Amino acid sequence: MDDRSDPCRSIARREFLMRAASGTVLTALAGGLYAISDHLTSEAKAQTRDDGRPRLPPGQRVIEQLKPMGGVPGDPSRASFRLKVHGEVESPLELDFAGLLAMSPVTRRSDVHCVTGWSVLDAKWKGLTIKALAERAGLRPSARHVIFEGAAGYTANVRLREALADDVMVAWELDDHPLRRQHGAPVRAVVPDLYFWKSSKWLTGIRFVSRDQPGYWETRGYHNHADPWKEERYG
Ligand SMILES: Nc1nc2c(c(=O)[nH]1)N[C@H]1C(S)=C(S)[C@@H](COP(=O)(O)O)O[C@H]1N2
Ligand SMILES: [Mo]
């Protein structure tokens, strides 16, 4: 794939050219998006969610845009994308990008919380719920956990009940734009109510399992469950 065929790449390239032309200005703008907003933070602290919890988990501060947190990227191309839905299901699926689009995509607004202390409010995601994919594949009663499989062997484990929540999804658009490569293009998991490391980028598989399998960060000192409201940061 070259720059012309991939909108994400050409945006990155344009940004690079702009940066080369007027380095400090763009850096300052980008810095603004990732700078803590005291205003948004105190506003969110004053709000309560429908489930009664405070909108902002303890120890979190609000920034305006997802900060790219790295990881080993996968192939960002929609054309070669394949998603396996497998494990404890009656009919394992292997969906290409058109197959996802054919399954009535939905949009959800959610807040995300990174264990490093930043939160982003009201991200608008387009994709499919894990629940819809589980129903399509015929989830077995033996399933208890979901493993979100990303490129290069990255995995994250989530309890089944939490993974079937209405806002847990595979997403390919963020705020009405195709997901950027750095944020997991073409498709990532989004598990808003757990720390963001549970949201595998460059998603390749959703595996339902009967026994829990701690993933990449969970086997490197981070908490197995990762509830931001309980500050389940480290294991
Ligand atoms: N495949 C994959 N997914 C991943 C990661 C990774 O390294 N590889 N990092 C995780 C971590 S630690 C975080 S905080 C979020 C960051 O997502 P972002 O870069 O879009 O902000 O992605 C998560 N998903
Ligand atoms: Mo992270």
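User: What is the bridge partner of I147 in β11?

Analyst: In β11, I147 has R207 as its bridge partner. Strands here are DSSP runs of E, at least two residues long, and helices are runs of H or I, at least four residues long, all numbered from the N terminus. This is a predicted model, where local features need pLDDT of at least 70, side-chain atom pairs count only at pLDDT 80 or more, and totals for chains, interfaces and linings use all residues. Residues are numbered from 1 along each chain as its sequence is written, chains are lettered from A and ligands numbered from 1 in the order in which they are written, and side-chain values use heavy atoms, with hydrogens and water left out.

User: What makes β6 and β11 a pair?

Analyst: Two strands pair if DSSP finds at least two bridges between them. β6 (residues 145-150) and β11 (residues 203-209) share six bridges, in the antiparallel sense. Therefore they pair. E149 stands opposite G205 in β11.

User: How do you know that β2 pairs with β3 and with β11?

Analyst: Count the bridges again. Four join β2 to β3, and these strands run antiparallel. Four join β2 to β11, and these run parallel. The bridge partner of R82 is D96 in β3. For K84 the partner is G205 in β11. A hairpin of five residues links β2 to β3.

User: Why are β3 and β7 called edge strands?

Analyst: The open sheet has five strands in the order β3-β2-β11-β6-β7, with mixed pairing. β3 (93-96) and β7 (155-159) each pair on one side only, so they are the edge strands. Neighbouring strands of this sheet are turned by 15 degrees against each other on average, direction ignored.

User: Which strands does helix α5 lie across?

Analyst: Helix α5 (residues 130-137) lies across β2 (82-87), β3, β6 and β11. It runs at about 125 degrees to β3. Axes are lines fitted to C-alpha atoms, for helices over the stretch in contact (heavy atoms within 4.5 Å). Angles run from 0 to 180 degrees between N-to-C directions.

User: Why is H145 called buried?

Analyst: Buried means under 20% relative accessible area, exposed means over 50%, and partly exposed is in between (1.4 Å probe, protein chains only). H145 has 15%, so it is buried. H145 lies in strand β6. Leaving aside neighbours within four places in sequence, its contacts include V158, L160, F208 and D212.

User: What makes β11 largely enclosed?

Analyst: Six of the seven residues of β11 are buried, so the rest of the structure largely encloses this strand.

User: Are A226 and E231 buried or partly exposed?

Analyst: A226 has 0% relative accessibility, so A226 is buried. E231 has 38%, so E231 is partly exposed. A226 lies in the segment after β11, and E231 is also in the segment after β11. Phi of A226 is near 75 degrees, a positive value in a residue other than glycine. E231 is not a glycine either, and its phi is positive, about 50 degrees.

User: Which residues does the cis peptide bond join?

Analyst: The cis peptide bond joins A185 and P186, and omega is about 5 degrees. P186 lies in the loop between β9 (177-178) and β10 (188-190).
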